[in-house]
Amino acid sequence: MQQFLRGPLTRRQMLRRALALGVGVSGAALLAACGGGGNATPTAAPAQATKAPAQQASPTTGGTSMGSPTAAATAGATPSAAATATGQKFTIEPAKHKGGTLIEGSFADAKTLNPVLVSDTASGAVSGLIFEGMIFIDPQTVLPAGRLAEKWDISSDGITYTFMLRKGINWQDGQPFTANDVKFTYDMLMNKDTKSPRTAELTERVKSVDVVDDHTIKFTLNAPAAPFLVSNTVYGIIPQHILKDVQPANLAKDPFSTGQKGRTIGTGPFMFEEWVKDDHITLVKNPKYWQGEPNLDRYIYKVVPDSNVVAQQLKTGEIDYGGIDPSQVQDIKSQPNLNVVVYDTFSFTFYSYQLDPQKTTLFQEKEVRQALLYALDREAMIKSIRLGYGRVAVGTMPVLSWAYNPDAIKLKYEYNPDKAKQLLDQAGWTPGPDGIRQKNGKRLSFTVYTNAGNKIREQYVAVFQEQWKKIGVECKPQTEEWNAFLNRITGSKDFEMFLVGFVWDVDPDQSTMWKSSAYEGGFNMNKYSNPQVDQLLDEAIKTTDVQKRKDLYTQMQNIIMEDLPNAILDFPQAIAVVNKRVHNLFPNAVDDRFNAHQWWVES
């Protein structure tokens with residue numbers, strides 16, 4: 001086995017280390033829900049954009065070639081090692097019944113069905129069943145495996161990636177899938193007019209995408225990028241023959257993206273049937289799916305008012321799969337028809353300060369930003385609201401990441417309201433006649449937005465209001481329907497502060513949130529900019545030395561925790577519920593849709 005790491009760790013050792021840490025995987029996206037299951041899990045954010053530990057050829061050892069799931073699995077770990085690492089080993093049962101419907105429930109509707117545009121878990125939950133990427137991550141090995149690509153080669157200098165695509169795959173309308181579709185997809189992803197959240201990262205990394213022949217596609221990078229394979233070759237591929245005449249700026253409004261039978265087509269196991277906004281999305285099986293005809297007749301993504309309704313309809317059987325809040329666990333566990341699965345993820349809860357002075361100047365001083373976090377008793381919030389299903393965040397790396405390094409994080413922001421008051425005093429914010437601090441005639445008062453229906457976040461902002469009032473700060477909570485909220489924080493960016501969930505990739509590169517260039521075409525939603533952070537992020541992706549990358553990310557985190565553009569509050573656990581009539585659906589921190597064609601339900 002060839003090495004791909006410069007330094008003391010071999011490729012095999014690095015993968016084993018990742019497995020030992022319980023590494024999970026997901027595409028970076030905003031989370032509608034806090035719990036697990038369905039669109040509440042990072043695996044659906046989006047399912048086709050899953051990622052795994054970075055694979056990179058060492059300049060001194062030649063290229064790397066990977067292929068089928070079997071080859072990917074044996075390259076770095078055995079199934080038993082993977083099961084030990086993730087705590088889960090999945091046994092696929094032969095279907096005892098064909099047909100039927102599986103219903104997944106959530107209180108957040110999708111925003112788009114187009115994988116080029118997906119930025120949220122609700123959209124990813126559905127689009128991940130219609131579209132597929134060249135690569136996916138096998139949740140039993142936590143290793144990249146071929147989906148639309150059968151195998152791939154990486155040049156010795158780490159610049160060129162060549163993918164050999166499977167032959168005989170057709171789009172759901174019968175047209176052949178080719179390398180031209182892959183190039184078309186990446187051209188769309190890299191065009192700023194589409195407003196894809198992946199544009200900034202791709203345009204910085206990719207120099208060109210070239211069709212070699214109908215079943216071979218070549219990516220040439222500007223420089224070696226350690227996360228490229230696992231972060232950027234996993235996006236759902238879209239059909240050129242359907243969208244070739246659509247201008248990138250019109251892509252979001254095209255019926256392909258908003259849902260039209262016969263036009264919204266992919267290569268995946270399910271086909272689009274209908275979308276009734278804020279009610280349901282229905283998919284039907286793709287009988288000619290290249291991995292075999294799916295067992296289910298249809299899949300329905302059902303939208304309900306809030307997490308309480310999700311739990312109630314899980315109990316009654318109106319919903320088969322969904323995420324619940326911690327307060328509902330004991331009741332759900334007592335139900336004879338339901339299974340509950342709890343697991344760590346790559347997700348976190350955070351609030352963001354608006355740093356664009358054209359929108360507000362309240363948070364320009366870091367003392368104000370730091371004071372607000374010191375004033376929150378996060379440990380008590382997790383105990384009382386999450387009932388212990390999660391932990392206080394230290395730094396920006398989730399607990400599953402191999403770059404998680406809490407002991408090296410200098411500022412941990414333990415609860416300290418006296419320090420919060422001191423920082424505000426130092427910054428010149430003094431109590432006014434009504435007790436609310438003011439400076440130069442401006443009160444320290446602002447609105448914090450979050451999405452309606454998410455009971456945990458609604459409770460979190462209530463705590464913000466109570467605990468910040470004690471230090472002389474006025475917080476006005478405001479909830480919005482998910483898609484309106486999503487447009488506010490990623491579109492108009494009309495906010496002073498917002499609270500939401502996010503899921504990191506398994507690779508510790510966090511450029512999509514912290515890099516200056518990610519304000520347009522990324523998830524830097526509040527216009528944070530620090531040249532030191534930009535430089536550290538750039539350096540970290542240019543090396544495949546694990547320890548060096550970890551050191552660089554620790555340096556980055558310490559700057560972030562000093563600047564505090566966003567306050568990461570916690571790393572929650574996912575809580576997924578599956579009806580016992582459902583078989584072969586495995587909630588996990590990697591990809592719960594990896595085998596959707598094998599799901600089946602009892603009659």
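Is Asp 320 buried or exposed? I looked this up first. Asp 320 counts as buried, because its relative accessibility is 2%. I keep in mind that this is a predicted model.

**Entry: the partner of Asp 320**

I checked what Asp 320 pairs with. Its side chain meets that of Arg 581 in a salt bridge, at 2.9 Å from N to O. Asp 320 sits in the loop between α10 (307-316) and β13 (321-323), and Arg 581 in the loop between β23 (566-579) and β24, so the pair ties together parts 261 residues apart in sequence. I then looked at the cover on Arg 581. Arg 581 is partly exposed, because its relative accessibility is 25%.

**Entry: salt bridges overall**

I ran the search over the whole structure. It finds 27 salt bridges. I noted the general point that side chains of opposite charge can pair when their charged atoms come close.

**Entry: Glu 104 and Arg 593**

I turned to another pair. The side chains of Glu 104 and Arg 593 form a salt bridge, with N to O at 2.5 Å. Glu 104 belongs to strand β3 (residues 101-106), while Arg 593 is in the loop between β24 (582-583) and β25 (600-601), so this bridge ties together parts that are 489 residues apart in sequence. How accessible are the two? Glu 104 has 0% relative accessibility and counts as buried. Arg 593 has 5% and also counts as buried. I also found Asp 592 here: Glu 104, Asp 592 and Arg 593 are linked in a network of salt bridges.

**Entry: Arg 443 and Asp 434**

I looked up one more bridge. Arg 443 and Asp 434 meet through their side chains at 2.7 Å, N to O. Arg 443 is partly exposed, with a relative accessible area of 32%. Asp 434 is partly exposed too, at 48%.

**Entry: a patch of charge**

I moved to the surface. Which residues gather in a patch of negative charge there? They are Glu 274, Asp 278, Asp 279 and Glu 481. I followed up on Asp 279. It lies in the loop between β10 (270-276) and β11 (280-285). Its relative accessibility is 38%, so Asp 279 counts as partly exposed.

**Entry: helix α14**

Last, I went through α14, residues 417-426. Its buried residues are Ala 420, Leu 423 and Leu 424. These three lie on the same side of α14, because they cover an arc of only 100° around the axis. On the other side of the helix I found Asp 418 and Gln 426 exposed.

Key: Residues numbered from 1 in each chain as written. Predicted model: local features only at pLDDT ≥ 70, side-chain atom pairs only at ≥ 80, totals over all residues. Heavy atoms only, no water. Patch = residues over 30% accessible without salt bridge, like charges linked within 9 Å, V, L, I, M, F, W, Y side chains within 5 Å. Areas by Shrake-Rupley, 256 points an atom, 1.4 Å probe, with all protein chains shown as cover. Salt bridge = Lys/Arg side-chain N within 4 Å of Asp/Glu carboxyl O. Lys, Arg positive; Asp, Glu negative; His and termini not counted. Charge placed at Lys NZ, Arg CZ, Asp CG, Glu CD. Helix = DSSP H or I, 4+ residues; strand = E, 2+ residues; numbered from the N terminus. Buried < 20%, exposed > 50% of the residue type's maximum accessible area, 1.4 Å probe, protein only. Arc of directions from axis to C-beta.
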